[in-house]
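I opened this notebook to record what I looked up in one structure. The entries follow the order in which I took up each topic.

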Amino acid sequence: SRFGPVVWSGIAWQVRNPRSFIVFIMIEMIVSKMRGIKVNEQADIISSLSSGMTNTIKDAFKFGVIIISYAWLVDKITVVKLEPLWLAVFIAFLVQDFTGYWMHRIKHRVNVFWNRHIIHHSSEEFNLSCALRQTISETFKFSAIFMIPAAILGIPIQIFAVLGPIHLFMQFWYHTRLIGKMGFLEKIIVTPSHHRVHHAINPEYLDKNYGQILIVWDKLFNTFQKELDDIEPVYGTLRPVSTWNPIIINFKHMMQLAKDAWYAERLIDKFKIWFMPTGWRPKDVEKRFPLNQYNDPFSQVKYRTKNSKAMLAWSWIQHIIAGVMMFHLFTFMNYGKPSNIDYLYAVFIFSHIFSLTSLLDMKRYSMIAECFKMLLGFILIYIQNIAWYNLNGLVIIIIIGYLMLSSVLTAYFIFIRQRSLSVK
């Protein structure tokens with residue numbers, strides 16, 4: 001590659017910078033209000049943005065095990081190095097999009113892999129913020145197996161290092177209800193209309209339109225469905241997650257699979273449940289432990305919590321604090337080899353997000369998470385000799401005051417205002 005590693009990583013970071021997404025989300029909110037179209041709920045937006053934070057932090061720590069490495073494939077099976085650069089980039093884009101289509105399809109169609117993707121479909125709204133609902137449960141990565149054609153042509157990994165974030169960013173814009181059908185572009189690329197179909201739980205739309213940038217893969221592999229004028233998409237999942245907590249959502253399906261495997265009477269069912277089509281359950285388990293599931297999408301009752309204006313205002317403040325902490329973590333952490341203190345900061349932020357989104361759910365375990373956060377905060381201050389990640393003096397007093405105030409307000413909303421803020 002003619003680009004140095006610093007240039008490549010710089011471009012990738014600018015594309016993935018969370019601040020870029022916030023600007024577009026705010027524009028959508030303004031436009032929807034001007035057009036009188038309700039596409040946002042405050043608790044839903046906080047949940048989505050919080051999910052985006054957890055995914056960003058997880059990616060920064062490069063958590064995951066690569067089963068098949070693209071770099072290894074290039075080293076072992078390259079036959080010819082493709083030139084010129086523009087052609088290598090074009091082929092890389094096609095391979096990236098082809099890989100994305102099949103990985104997306106696998107996540108939808110296989111029980112165990114659905115756990116990696118359920119977070120993205122968990123919102124019962126369809127807006128730009130829900131695009132940020134990305135997984136933190138994707139541990140084992142094997143997508144490189146679909147990139148063998150690029151490896152044979154010797155396309156360097158540096159191209160994919162930049163192309164990957166750009167490809168992801170290009171999937172953000174079409175998560176909206178504000179853009180209608182787009183004429184001839186509907187035949188080539190994934191549009192908002194196509195992706196509304198993909199996020200819908202209507203029988204006519206279910207498991208369709210897996211494409212990420214190009215819609216041609218769906219047409220080629222018979223998974224395409226256009227948006228019908230007489231059938232309005234209903235968004236969410238067939239088995240509603242019924243929580244604003246993105247960390248719980250990320251592992252909810254996996255926990256259900258483990259529970260079903262445990263209670264299954266037949267030994268074969270304990271194993272095959274993981275690899276059966278998404279939603280499959282052993283007959284005996286299904287009969288003994290029925291789950292809440294929509295058979296008619298138009299019977300959907302959206303998950304809502306009766307959060308007061310004061311509580312929503314506090315939740316927004318907590319969310320902003322989480323964002324400030326995330327960016328503060330990124331200013332000093334070692335991306336090549338995070339230290340133990342970096343991991344502890346990440347755990348602190350995760351417990352903060354767990355607490356604030358559980359508070360939106362009005363769950364009492366929000367108080368447990370808040371106490372854990374406060375205790376961990378005090379421990380972090382102590383082990384850093386009364387400092388907070390290169391900050392000291394008056395800042396420490398402010399942080400200690402915040403930790404105590406956060407616990408007090410969480411207790412207030414949970415135990416004093418619980419009746420008036422109960423779930424519908």
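Entry 1. I began with arginine 133, which forms a salt bridge with aspartate 44, the closest N and O atoms being 2.9 Å apart. A salt bridge here is a side-chain nitrogen of Lys or Arg within 4 Å of a carboxyl oxygen of Asp or Glu. Arginine 133 sits in the loop between H7 and E2 and aspartate 44 in helix H3, so the pair ties together parts that are 89 residues apart in sequence. Helices (H or I, at least four residues) and strands (E, at least two) are DSSP runs, numbered from the N terminus. I noted that both arginine 133 and aspartate 44 are buried. Buried means under 20% relative accessible area, exposed over 50%, and partly exposed in between (1.4 Å probe, protein chains only).

**Entry 2. Basis of the values.** The model is predicted: local features need pLDDT of at least 70, side-chain atom pairs count only at pLDDT 80 or more, and totals for chains, interfaces and linings use all residues. Residues are numbered from 1 along each chain as its sequence is written, and side-chain values use heavy atoms, with hydrogens and water left out.

**Entry 3. The chain as a whole.** I found 18 helices and 2 strands in the secondary structure of the chain. The radius of gyration is 23 Å, close to the 22 Å that the globule rule gives for 424 residues, so the chain is as compact as a globular protein of that length. That radius is taken over C-alpha atoms, and the globule rule is 2.2 Å times the number of residues to the power 0.38. Along the principal axes, the C-alpha atoms fill a box of roughly 60 × 55 × 55 Å. Of the 424 residues, 50% count as buried. Among contacts between residues at least 6 apart in sequence, 75% join residues at least 24 apart; contact means heavy atoms within 4.5 Å.

**Entry 4. Glutamate 124.** Glutamate 124 lies in the loop between helix H7 (118-121) and strand E2 (140-141). A polar atom of the side chain of glutamate 124 is 2.7 Å from the backbone nitrogen of tyrosine 303. Not counting residues up to four places away in sequence, glutamate 124 touches residues including Asp44, Tyr235, Lys302 and Tyr303.

**Entry 5. Arginine 304 and other bridges.** I then asked with which residue arginine 304 forms a salt bridge. The partner is glutamate 41, with the closest N and O atoms 3.7 Å apart. The pair links distant parts of the chain, 263 residues apart: arginine 304 is in the loop between helix H14 (283-288) and helix H15 (309-332), glutamate 41 in the loop between helix H2 (18-35) and helix H3 (42-60). Arginine 304 is buried at a relative accessible area of 19%, whereas glutamate 41 is partly exposed at 22%. Lys38, Glu41, Glu125, Lys302 and Arg304 are linked in a network of salt bridges. The structure holds 14 salt bridges.

I also looked up lysine 272, whose side chain meets that of aspartate 269 in a salt bridge (3.9 Å, N to O). The two are 3 residues apart in helix H13 (residues 267-272), a separation of about one helical turn. Lysine 272 is partly exposed, with a relative accessible area of 28%; aspartate 269 is buried at 5%.

**Entry 6. Backbone checks.** Most residues other than glycine have a negative phi, and most peptide bonds are trans. I noted a cis peptide bond joining glutamate 83 and proline 84, with omega about 0 degrees. Proline 84 is in the loop between helix H4 (70-77) and helix H5 (85-109). Isoleucine 386 has a positive phi, near 55 degrees, and lies in the loop between helix H17 (365-383) and helix H18 (394-416). Tyrosine 389 has a positive phi of about 50 degrees and is placed in the loop between H17 and H18. Are these two residues buried or exposed? Isoleucine 386 counts as exposed at 52% relative accessibility, whereas tyrosine 389 counts as buried at 3%.

Terms used:
Polar contact = N/O pair within 3.5 Å; in protein donor to acceptor, adjacent residues only side chain to side chain.
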